[in-house]
Structures are given as structure tokens and as C-alpha cells.
Amino acid sequence: MAYRALVVDKQGDAFSVAVRDLSEADLPPGDVTIRVHWSSINYKDGLALSPGGRVIRSYPMVPGVDLAGVVLESKDIRFAPGQEVIVTGYDVGVSHPGGFAELARVPGDWVMPLPAGLTLKEAMAIGTAGLTAALSLEALEHNGLRPANGTVIVTGATGGVGSTAVAMLAQAGYTVAASTGKASEHAYLRDLGASEILSREEVSAESSRPLESERWAGAVDPVGGSTTAYLIRTMKYGASIALSGLTGGNAIATTVYPFILRNVNLLGIDSVFTPMEKRQRTWQRLATDLKPRGLLDSIAVETDLEGVPAVCADILQGKVRGRTLVRLA
């Protein structure tokens, strides 16, 4: 059974990215073989297609941390041929061939039935980025966030996590502030539900003050670096920051004062190894009350395998808006 896949390879100093014709013999061991209909492009995929990205653990590799499709064969009794399923995270696209291919074979424990209320295309328009946004919102609510508490800020708001977070928060009744470095995207963010737009410069400015005026009731932060430091200084008493990314850097310059004087909480968000039970609960919400408004109309665009490298280059430079789907069927 032949199939097409995007393959990255690195031999010595030589790095390559190419669409190749593969055969079933190239599939890895696994319980469930899936005909992939859709994948999506995340920041981690951008790193995977970069020679210095440091996320691929062995070469050659098929990247793509997300995939959605139909079961072709299964050795796992939980899944049957013809069943629609999704796979996100785990080692997919990093040390196990991933979603940028027409066929995938994965362990059964990584597979989740497509929730009712979502199509395969919608599931990948959400993907890892949307799951991360939903996990961020759930963590904030678990730590006391409610719409009455005040404005919630979303940093990196035009990216995958940011766009879906703005939409989810707005439809859940929150007042949302969005920060972006793209002046041209203010209308897009307002359409998603943001009532206030801040510049990237404002939310990444350095300060010698350990505390500034209390401003935010909560924060969804996929940026990190100096932006996280700004948030820590400006959160309201008892407020929380859901931190999930490092597009702005991996180091945070802060003091203990916001934590011990304002009871600020810094919550780490990981979607890669989220336990399956929690993953399924969150995806059920993504199919119902947290399903982002404008998901396919405003947030998602499409490309094919040949278009993936260009999008991955753009995502590392912060040029991508919303979510990019990869059409494979």
C-alpha cells in the first residue's frame, strides 16, 4: 500500500525536507493503522522542519503532531475499521512518524474516537493548539477564574493557541484583551471576541518594578519570556497565568513579590502527555461549549503537503494567523 508523506532527514550537516512516496513497509509498529484525512501545523511542527529545531529525536522522520482520519486496520479491540479517530501529542511527529502523511500507524493508547459534534476537519482546526487553549481555560477556572473577576488577557493572540483561546473565552462570557505584534489583525481579533487590543511592545516591556498596577483577572500565555514577566507583575490578587509556550523566549526575569504579596499563580500547561481521561473530557468540551466560534470560517485555512514547509517557516517568524490545516484525503 503506497502513500505520500513529508519526510525530514538530517545526515551530518545535510538537512532535507521533501514529499516522498512510501510503502506500508515504512510504517512503524503499532496497533492502529489510520488513513489520514487532515493534519494541522503547530509551532512544534515549525521547529521540526528547522535544522536547529531540536525536537526531532531520530531521522528520517515524518513530522506532524496532529492527525485525524479513519481506521483502516486495528489490533486494538477498542477501535474498528471505518471508525473516525484523532491523535494528538505523545511522541507523534517527534520520535514516531506523524500526521504529515496519508497513512499513520500508532499505539492504541494514543488514539481517541472523534467526539460527537466535530468533523475530522474541525478536529484538526482545533488540534494541539486548540486543546492547549482549552486546557489553559480549564486550569484557570479550576483556580477560581470567573467572568465576574475581570478582564482575561491572551498573549500571542493571532497564533493558534491565542486565536482559539480568544474565541473560547469570549463565548464563555469573559471580557477578553488580546495582545499582538500585528497591527493589521486588530479587526480579526475583535471578530473573535476581543474587546481590547494591546501591542506586543506593551506586554513585553521590561520594568525595574517588581509589582505594577493590578490589571488582569487571568492570562492565557503561549509566549513566555519577557511577556510572562510582564503578566506576573500586573495580575490581580489571586489571579493565575496559564503558561504553555516559549515563542517569546524560555527565560523569565521576575521576583517572588507577586507570588507572596498578591498570591499570583503560574500554571504550567502541557497537552502532549495529558492523561487520556482528561484529554477526552476536554475534547468533549471542544465539541460543545468550547468549540471556537468561526473555527472554519475565520480561524482555519488550508494547505497540502507541498505547502507545509512554507507555513512552517512562517510560523517560526510569527507570520501565521490562526490555524493551518493540512489536507491529505
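Analyst: One cut-off before we start: a residue counts as buried when its relative accessible area is under 20%. Also keep in mind that this is a predicted model.
User: Which are the buried residues of H3?
Analyst: They are Gly160, Val161, Gly162, Ser163, Thr164, Ala165, Val166, Ala167, Met168 and Leu169.
User: And how far apart are the end C-alpha atoms of H3?
Analyst: They are 17 Å apart. At 1.5 Å a residue, helix H3 (residues 160–171) should span 16 Å, so the two values agree.
User: What comes just after H3?
Analyst: Gly173 sits there, with a positive phi of about 100°.
User: Switching to aromatics: how many aromatic pairs are there?
Analyst: The count comes to three. One of them is Phe15 with Tyr59: the ring centres are 6.4 Å apart and the planes are at 85°, so this pair is edge-to-face.
User: Which parts does the Phe15 and Tyr59 pair tie together?
Analyst: Phe15 belongs to strand E2 (residues 14–23), while Tyr59 is in the loop between helix H1 (43–48) and strand E4 (66–74), so the pair links parts that are 44 residues apart in sequence. Phe15 is partly exposed, at 23% relative accessible area, and Tyr59 is also partly exposed, at 27%.
User: Nice. What about Tyr90 and Trp110, then?
Analyst: Those two form a stacked aromatic pair, with 5.5 Å centre to centre and 0° between the planes. Tyr90 is in the loop between strand E5 (84–88) and strand E6 (103–106), and Trp110 is in the loop between E6 and strand E7 (112–113), so here the linked parts are 20 residues apart in sequence.
User: Are Tyr90 and Trp110 buried or exposed?
Analyst: Both are buried. Together with Phe273, Tyr90 and Trp110 make up one aromatic cluster.
User: Where does Arg321 lie?
Analyst: Over the face of Tyr188, at 4.1 Å from the ring centre.
User: Last topic, the strands. How many bridges join E14 to E15?
Analyst: Four bridges join strand E14 (residues 300–303) to strand E15 (residues 323–327), and the two run parallel. Val301, for example, has Thr324 in E15 as its bridge partner.
User: How does the chain cross from E14 to E15?
Analyst: The chain goes through helix H10 (residues 308–316), and this β-α-β crossover is right-handed.

Technical notes
Residues are numbered from 1 along each chain as its sequence is written. This is a predicted model: local features need pLDDT of at least 70, side-chain atom pairs count only at pLDDT 80 or more; totals for chains, interfaces and linings use all residues. Side-chain values use heavy atoms; hydrogens and water are left out. The expected span of a helix is 1.5 Å times one less than its number of residues. Buried means under 20% relative accessible area, exposed over 50%, partly exposed in between (1.4 Å probe, protein chains only). Rings of Phe, Tyr and Trp (its six-membered ring) pair if their centres lie within 6.5 Å; planes under 30 degrees apart count as stacked, over 60 as edge-to-face and the rest as tilted. A charge sits over a ring if NZ of Lys or CZ of Arg is within 6 Å of the ring centre and within 35 degrees of the ring normal. Two strands pair if DSSP finds at least two bridges between them. A crossover is right-handed if, with the strands pointing away from the viewer, the path from the first strand over the helix to the second runs clockwise.
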